[in-house]
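Hello,

Here is the structure you were waiting for. My notes follow below it.

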Amino acid sequence: CTKVPYVSQQFQMPDGTIWEPKDSDEDEEHEGQMVTLKWGLANSKNKISAWVMKQFNPQAVAEVMKRLGVYSYIDPVPSMFLGTSDVTLYEMVGAFNTFANLGVYVKPYFVTRIEDRHGNVIASFMPDKHEAIDEQTAYLMLNLLQGVINEGTGVRLRYSNLSRERVTQEYGKFTMPIAGKTGTTQNHSDGWFIGTTPKLTAGVWTGADLRSIHFRTLSSGQGANMALPVWGYFYKKVLADKSLGISEDNMEFKKPLNFNINLDCNESEKGKNPGGFDDFF
């Protein structure tokens, strides 16, 4: 709930030039206003992400990403918060799953065991895991990412029967807790959506090997339109498959013991346990 100014941020490059990241849609209503970090993430505001980047050096951010399972090379430059380095869907799903797993990273793996034709187990495999971040930080991130779904760029997962939302009508609305993030790269060449629930983390990347292949407009090519609906279709099938044992009923993210940070930003406005910036990191 920490408030920061919604203003342009400038970075000085090694060659002496000044780089100023922009938002995909300029928000004149909030320009110059104090807004919460939660609002900035929920609405994919690059100016707020740029503010956060300025509080830390790029190398430190790259180290956190590595702890979360992103092992591809990350170029530690200020623009990294825009996703300028290539990472795999495999890495992104593993990293997001860490937030729902109380800060413990579990390396995704595809084969759990090998059996012969008679059902005898020849070999079994267990995933590598390690503590990446503490439980408090993981739960805070879950809350921030739930804001994306409840009131931000992923809000269509909460609605149904909207005449303008043909896709949403087909997979209906979800009532379970969902923490997620949409993502869109330059020229809308890539659309991303990673969504995690208390039972399952899943990710969607949409795009092509050739980055010249893309939609002409952001409204069509953004992750909320390209990737998020695929996640919705997929999770609808997950819930319909009773053999998986996953239901929206009684699904809640596990809250760490002794967690006492107020997550209600409206209450923070009144001065009740506001929780400072340091509480997030």
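This is a predicted model: local features need pLDDT of at least 70, side-chain atom pairs count only at pLDDT 80 or more; totals for chains, interfaces and linings use all residues.

Start with Met 176. Setting aside residues up to four places away in sequence, Met 176 is in contact with Arg 158, Thr 197, Trp 231, Tyr 235, Glu 248 and Met 251. Met 176 sits in the loop between α6 (166-171) and β9. Its relative accessible area is 0%, so Met 176 is buried.

One C-alpha distance from Met 176 is worth a look. Asn 250 is 74 residues away along the chain, yet the C-alpha atoms of Met 176 and Asn 250 are separated by 8.3 Å. Is Asn 250 buried or exposed? Asn 250 is exposed, with a relative accessible area of 81%. Asn 250 belongs to the loop between α9 (228-240) and α10. Its phi is positive, near 55°, and the residue is not a glycine.

Asn 258 lies in the loop between α9 and α10 as well. Asn 258 is not a glycine either, and has a positive phi of about 65°. Asn 258 counts as exposed, at 71% relative accessibility.

Next, strand β10.

Strand β10 covers residues 191-196. 6 of its 6 residues are buried, so β10 is largely enclosed by the rest of the structure. In a regular strand, side chains alternate between the two faces of the sheet. Which residues of β10 are buried on each side? Gly 191, Phe 193 and Gly 195 are on one side, Trp 192, Ile 194 and Thr 196 on the other, and all are buried. Both faces of β10 are therefore covered, since each of its 6 residues falls under the 20% cut-off for buried.

Strand β9 (residues 179-184) runs antiparallel to β10, with 6 bridges joining the two. Gly 183 has Trp 192 as its bridge partner in β10. β9 and β10 form a hairpin, with 6 residues between them. In that turn, Asn 187 has a positive phi of about 60°. Strand β11 (residues 201-206) is also joined to β10 by 6 bridges, and these two run antiparallel. Here Ile 194 stands opposite Gly 203 in β11. β10 and β11 form a hairpin too, with 4 residues between them.

Now the disulfide.

How many disulfides does the model hold? The count comes to 1. Cys 1 is joined to Cys 265, with an S to S distance of 2.2 Å. The link is left-handed, at -90° about the S-S bond. Cys 1 lies in the segment before β1 (3-5) and Cys 265 in helix α10 (residues 265-269), so the pair ties together parts that are 264 residues apart in sequence. Cys 1 counts as buried, at 15% relative accessibility. Cys 265 also counts as buried, at 18%. Both values are below the 20% cut-off.

Then a charged residue on the inside.

Lys 47 is in helix α2 (residues 46-55). Is Lys 47 buried or exposed? Lys 47 is buried, with a relative accessible area of 2%. Leaving out residues up to four places away in sequence, Lys 47 touches Tyr 6, Val 7, Ser 8, Gln 9, Asp 23, Glu 26 and Glu 31.

Last, a pocket.

The second largest pocket has a volume of about 280 Å³. Which element gives the largest share of its lining? That is helix α4 (residues 89-100), with 4 residues. The residues lining this pocket are Tyr 90, Val 93, Gly 94, Asn 97, Val 106, Lys 107, Pro 108, Tyr 109, Phe 110, Pro 127, Leu 200 and Thr 201. By class, the lining has 8 nonpolar, 3 polar and 1 charged residues.

Best wishes

Technical notes:
Residues are numbered from 1 along each chain as its sequence is written. Side-chain values use heavy atoms; hydrogens and water are left out. On a 1 Å grid over the protein atoms alone, a cavity is a set of points where a 1.4 Å probe fits but cannot get out, and a pocket is an open set with protein on both sides within 12 Å along at least five of seven lines; lining residues have an atom within 4 Å of a point. Grid points are joined across faces, edges and corners, and a volume is the space filled by probe spheres set on the points. Ala, Val, Leu, Ile, Met, Phe, Trp, Tyr, Cys and Pro count as nonpolar, Asp, Glu, Lys and Arg as charged, and the others, Gly among them, as polar. A disulfide is a pair of cysteine sulfur atoms within 2.5 Å. Buried means under 20% relative accessible area, exposed over 50%, partly exposed in between (1.4 Å probe, protein chains only). Two strands pair if DSSP finds at least two bridges between them. Contact means heavy atoms within 4.5 Å.
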